[in-house]
Amino acid sequence: FNAAISACEKGGEWTQALELLSTMADRNMQKDIITYSAAISACEKSNERGEERPWEHALALFDLLDVRSIGINLGSVISA
């Protein structure tokens, strides 16, 4: 799933990235910093193109991060 979410990031498909993240949650799959970083970055890149409020989703994802088990790297903070 990380590769697919990263592909969505590169293609600017933030809604698809969030759908994949949701599917992972539905299947109780482990998400890591790479998963969240790619999804946050997909939202950030869409925001640059002026799409409708993807930054709100990026902030919501940031809130979901469990800093104790996943950790936050500087790249994630800058993307958000």
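An α-helix has 3.6 residues a turn, so residues three or four places apart point the same way. Just after α1 comes Gly 12, with a positive phi of about 70°.

Residues are numbered from 1 along each chain as its sequence is written, and side-chain values use heavy atoms, with hydrogens and water left out. Since the model is predicted, local features need pLDDT of at least 70 and side-chain atom pairs count only at pLDDT 80 or more, while totals for chains, interfaces and linings use all residues.

Zooming out, the chain has five helices and zero strands, giving the pattern α-α-α-α-α along the sequence. Helices (H or I, at least four residues) and strands (E, at least two) are DSSP runs, numbered from the N terminus. Of the 80 residues, 35% count as buried. The chain exposes about 4800 Å², and carbon and sulfur atoms supply 52% of that; accessible areas come from the Shrake-Rupley method with a 1.4 Å probe, and for residues only the protein chains shown count as cover. Among contacts (heavy atoms within 4.5 Å) with a separation of 6 or more, 59% link residues 24 or more positions apart.

The largest nonpolar core holds 16 residues, and Ile 5, Leu 21 and Leu 61 touch the most other members. The elements giving two or more residues to this core are α1 (2–11), α2 (14–26), α3 (33–48) and α4 (54–64). A nonpolar core is a set of buried Ala, Val, Leu, Ile, Met, Phe, Trp, Tyr and Cys residues joined through side-chain atoms within 4.5 Å. Leaving out residues up to four places away in sequence, Ile 5 touches Ala 17, Leu 20, Leu 21, Met 24, Thr 35, Ala 38 and Ala 39.

Thr 35 belongs to helix α3 and is buried, with a relative accessible area of 1%. Beyond its neighbours within four places in sequence, Thr 35 is in contact with Asn 2, Ile 5, Leu 21 and Met 24. Its side chain also makes a polar contact with the side chain of Asp 32 (2.9 Å). A polar contact is a pair of N or O atoms within 3.5 Å; within protein, one must be able to donate a hydrogen and the other to accept it, and residues adjacent in sequence count only if both atoms are side-chain atoms.

Asp 32 has another partner: the side chain of Asn 2 makes a polar contact with the Asp 32 side chain (3.3 Å). Asn 2, in helix α1, is partly exposed at 23% relative accessible area.

How far can the model be trusted? The mean pLDDT (the predictor's confidence in each residue, from 0 to 100) is 77, and 70% of residues reach 70 or more. Among the elements, α1 has the highest mean (92) and helix α5 (residues 74–79) the lowest (52). Where pLDDT is low, the predicted coordinates should not be read in detail.

Note on methods: Buried < 20%, exposed > 50% of the residue type's maximum accessible area, 1.4 Å probe, protein only.
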